[in-house]
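Please look over the sequence and the structure before reading on.

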Amino acid sequence: MNSSAPPTVKTPGLHRIDLNLLPLLAALLEHRSVTRAAEAVGLTQPAMSNALQRLRRTLGDDLLVRVGRHYVLTARAKALAGPVSLILETATHQVLRPPSFDPVTSDRTFRIAATSATALPVLPALSSLLAVSAPGVRLRLEPPEGSRGLTGGDATADVTLLPDTVRTTLPRERLYDEDWVVVADAANDQIGATLTVDDLARLPHVVFEWDGGRAGAQQALALLLPDLVVQCVVFEFLMIPSMVSGTPMIALLQRRLARRLAAQHGLRVMESPVPLPPLGIDLVWNPRTAGDPGCIWLRKQLRRAIHQRCDDGRDECFSL
């Protein structure tokens, strides 16, 4: 029998655990050395060794095991690193320390998850605001696919810009509403002065699909015109202008994207001859950041950025 193996114990109730061991556990997980962990928290090596033995008994796992001349983390210890760090960070910043955030002096990095199509109408204006009011704050944009589970331990985004058609149990609020237009190559001579229903049914389409689904406007159009000719399917709205340019194809596109990209790609922007449901873009965040002054400030700046585009006349006013 391996005498060094910790005894098997039943999972104790939280009231029976010495929570003072959590910072010591975090130091052991970070430094992977009793000596270095003891130095980091200001304990003697025997005291840290005693803490490690208590942690092993409490958790029923070795946590640190010797491999050659070095110690490595067990699989359980590796899995504990994220949750333990989150617990200590929450206790430090949201329980023990009054929350505060100063955008003028902050060098914090905020992560925003969004597709290019949802980000383009608002994030350039946000960058302009931050350049003046928060010059040290940085933005990191990431795709929403890896950030949908914002409550998970591996979640990275502070906020996500999410279409209203995507379900979530997380807090959300409407950031802006978007409507749809039809884009075609400016030299497409198969379209007259105005776009007709016959044009929609006759001409080939470029269609956006995400996770096998289509936008509500595209679904509505397919119901109205079941024989719609789909010649090209793309996974990103910003690919549509390039695919339409120089071809007889047409496509639905968000109005602001269409107006921003039409000249660059030689496109004609037309009103749809049939009514199409609008697309709402929501601001979604993790409940655990609800009291974070920095995240509260970020959400406020996103709302300001929407209004600024209206006030400055740089874009058609958003519907709020």
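The model is predicted, so local features need pLDDT of at least 70 and side-chain atom pairs count only at pLDDT 80 or more, while totals for chains, interfaces and linings use all residues. Residues are numbered from 1 along each chain as its sequence is written, and side-chain values use heavy atoms, with hydrogens and water left out.

**Pocket and cavities**

- On a 1 Å grid over the protein atoms alone, a cavity is a set of points where a 1.4 Å probe fits but cannot get out; a pocket is an open set with protein on both sides within 12 Å along at least five of seven lines; lining residues have an atom within 4 Å of a point.
- Grid points are joined across faces, edges and corners, and a volume is the space filled by probe spheres set on the points.
- The second largest pocket holds about 410 Å³ of space. It is lined by 24 residues, of which Thr115, Pro163, Phe208, Trp210 and Phe237 are the closest to its centre.
- Helix H5 (residues 116-119) gives the most to this lining, with three residues; helices (H or I, at least four residues) and strands (E, at least two) are DSSP runs, numbered from the N terminus.
- The lining of the second largest pocket has 13 nonpolar, six polar and five charged residues. Here Ala, Val, Leu, Ile, Met, Phe, Trp, Tyr, Cys and Pro count as nonpolar, Asp, Glu, Lys and Arg as charged, and the others, Gly among them, as polar.
- There are three cavities of 30 Å³ or more, and the largest cavity has a volume of about 60 Å³.
- Strand E8 (205-208), helix H8 (216-224) and strand E10 (250-254) each supply at least two residues of the lining of the largest cavity. By class, that lining has seven nonpolar, two polar and one charged residues.

**Salt bridges**

- The count is 13 salt bridges, each a side-chain nitrogen of Lys or Arg within 4 Å of a carboxyl oxygen of Asp or Glu.
- Asp292 is buried, with a relative accessible area of 15%, whereas Arg108 is partly exposed at 26%. Buried means under 20% relative accessible area, exposed over 50%, and partly exposed in between (1.4 Å probe, protein chains only).
- Asp177 and Arg174 form a salt bridge with their closest N and O atoms 2.6 Å apart. Both residues belong to a network of salt bridges that also links Asp164, Arg172 and Asp282.

**Aromatic rings**

- Five aromatic pairs are counted. Rings of Phe, Tyr and Trp (its six-membered ring) pair if their centres lie within 6.5 Å; planes under 30 degrees apart count as stacked, over 60 as edge-to-face and the rest as tilted.
- The rings of Phe101 and Trp297 have centres 5.1 Å apart and planes at 45 degrees, so this pair is tilted. Phe101 lies in the loop between H4 and E3, and Trp297 in helix H11, 196 residues apart.
- Phe101 is partly exposed at 21% relative accessibility, while Trp297 is buried at 12%.
- The rings of Phe208 and Phe237 have centres 4.0 Å apart and planes at 25 degrees, so this pair is stacked. Phe208 and Phe237 are both buried.
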